[in-house]
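Student: Could we go through this model together, with a question at a time about its ligand site?

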Amino acid sequence: MRALLQREACGGELGEKRGCRSQDAGRGRAQRGRCAAPPRPGLRSPGVKSSRAAALSCSRACSCCLAPWMLPRPSLSLLPRFCSFLPIATMSSKTSTFHLQQPLNYRAGARIQPVDGSHNEEVYEPATGRVMGKFLFSGEKEVDLAVQSAKAAFKIWSQKSGMERSRVLLEAARIIRERREEIATMETINNGKSIFEARVDVDISWQCLEYYAGLAGAIAGQHVQLPGGSFAYTRREALGVCVGIGAWNYPFQIACWKSAPALACGNAMIYKPSPLTPISVVLLAEIFTQAGVPNGLFNVVQGGAATGQFLCQHRDVAKVSFTGSVPTGIKIMEMSAKGIKPVTLELGGKSPLIIFSDSVLENAVNGALMANFLTQGEVCCNGTRVFVQREILEAFTEEVVKRTQKIKIGDPLLEDTRMGALISRSHLERVLGFISQAKEQGAKVLCGGELYVPDDLKLKNGYYMRPCVLGDCRDDMTCVKEEIFGPVMSILPFDTEEEVLERANNTTFGLAGGVFTRDIQRAHRVVAALQAGMCFINNYNISPVELPFGGYKMSGFGRENGRAAMEYYSQLKTVCVEMGDVESVF
Ligand SMILES: NC(=O)c1ccc[n+]([C@@H]2O[C@H](COP(=O)([O-])OP(=O)(O)OC[C@H]3O[C@@H](n4cnc5c(N)ncnc54)[C@H](O)[C@@H]3O)[C@@H](O)[C@H]2O)c1
Ligand SMILES: C[N+](C)(C)CCCC=O
């Protein structure tokens, strides 16, 4: 296997770093099973919630800390290996030590250079602003070769039973678990998010594969009795070659959310990641091959808009699943319409989070932080319009500002970092531009909102900013109407339930929404009235793979995760069987 990234420090390939032992190797092993992680501040009582908080504060993924939504089931038998080569507690940062190795396309079970690569594109490390390497954008011929290879693999894979497919997916999930630290490190280096969050993303990813492995064997049709002994049955069949196009904020996770249900249903997939984050999906492709999928079943085609268009317009592509912005989603839908191809569109949002005065304040503050600052605020479903009932506006704002100011920004590979670097220089400037405009329109910056330059010299060209809380916001401000996709929370006071619902729904987006209240009837009444596909009561931004995820309105349609996704990667055939003679009306 060729390495994607080469590490200067130990001179070995990342995939081979098991030999790169540290003097603290034994410590991780000794601590397995009993976590010594300090409790997260604010952790108040035992139970489900506290175990999730513990999981968030534990960097070792040890079984005592992991909460059910991010957990190895069964237990992480591979943990000692991680602990032995990466003693988390003392691991020093590897930021600025990796170099990208070409090629990054993956076709027919191997990494290859595209046959008609149009041009080279640079890959950046957001934490340092350093160019890690270059890779080629794919042209039309390469896209066609990937489709042909996927078609051949589809013939084999679609004939397998659900249980056979299930076993391969389970093996892929096992390998992801085994390589958790390596994948998370790579994601952090390429995306800029904290290693702490990247590990959670990897856990959600292998859980997704396990979940769909479980459903693969359960795919079944219906039997219908007809008059005279005749009958009918339905078959749920695969679509064929599906295309997945992803965004840069959750590169590995998005690829798993698409490929797991696609492969479980018997399809092949060609995946095009964002050109900003081309790396981790190649690992996924290698893992699928290692797990036993036929060569060509999961291919990776690197490129930008033009490559994406070749994929969407290819006559042998049966379906397109897209995650990205609304403007690109519109183009994808237009292209797919010409070929009558079904599409799943997971698009942007500007979601409301409604906090009533009877909320548990500490939970509401935690919820607002979770709703705004994961992955540097670059999260589609973030609850960035935080509506706070006037009675608690002052107390809530004071606490949220205090907590935001304490967020540890910096080298994303360090264990205690909670906010890393934004994806690119231009995106950072765009986010800061929204804040300047908000000030001009009358908002008050309560904290953050400016560039952050870490003390560590190697990080001085990284794309960091201090997370921002905006007060004195009004519904007509740009920062309240448009998706910023950065760490910017807008606080908006409200007085009544009726008023806040009207304002919360006054948007063309409809991805998510949340409510904090102790009034159980109000909670359900409010989420029923919210025009959003994913709603949270007394929490925000958790994403168990069992739950369908997707938007209303211009945030898209179709669903990822949950049983629902199986319907979007399969089609229904009805077979009508006559047991008697044919009676003709002619
Ligand atoms: N709803 C969700 O699940 C979800 C998840 C993550 C991100 N997002 C959204 O994604 C956006 C940020 O991601 P982004 O900047 O990568 O989005 P983007 O729309 O710019 O790009 C997304 C992908 O589409 C490709 N692309 C661009 N133009 C194309 C074209 N004409 N034809 C085919 N492919 C094309 C890009 O190369 C990339 O791979 C935000 O709006 C965010 O809300 C949504
Ligand atoms: C895992 N989260 C935080 C729910 C994000 C889902 C993907 C959206 O960008």
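Student: By class, how many nonpolar, polar and charged residues does the shell around ligand 1 have?

Tutor: This is a predicted model, in which local features need pLDDT of at least 70 and side-chain atom pairs count only at pLDDT 80 or more, while totals for chains, interfaces and linings use all residues. Residues are numbered from 1 along each chain as its sequence is written, ligands are numbered from 1 in the order in which they are written, and side-chain values use heavy atoms, with hydrogens and water left out. If Ala, Val, Leu, Ile, Met, Phe, Trp, Tyr, Cys and Pro count as nonpolar, Asp, Glu, Lys and Arg as charged, and the others, Gly among them, as polar, the shell has 14 nonpolar, eleven polar and four charged residues.

Student: Which helix gives the most to the shell around ligand 1?

Tutor: Helix H10 (305-313), strand E12 (317-323) and helix H11 (326-338) each supply at least two residues of the shell, helices (H or I, at least four residues) and strands (E, at least two) being DSSP runs numbered from the N terminus. With four residues, the one that gives the most is H11.

Student: Between which domains does ligand 1 lie, and why?

Tutor: The domain bounds come from an automatic or database domain assignment. Because both give residues to the shell around ligand 1, it lies between domain 2 (135-347) and domain 3 (352-553).

Student: How far is a polar side-chain atom of Glu483 from an oxygen atom of ligand 1?

Tutor: Glu483 is among the closest of the 29 residues that surround ligand 1, a residue being near if one of its heavy atoms lies within 4 Å. From a polar side-chain atom of Glu483 to an oxygen atom of ligand 1, the distance is 2.5 Å.

Conventions
Polar contact = N/O pair within 3.5 Å; in protein donor to acceptor, adjacent residues only side chain to side chain.
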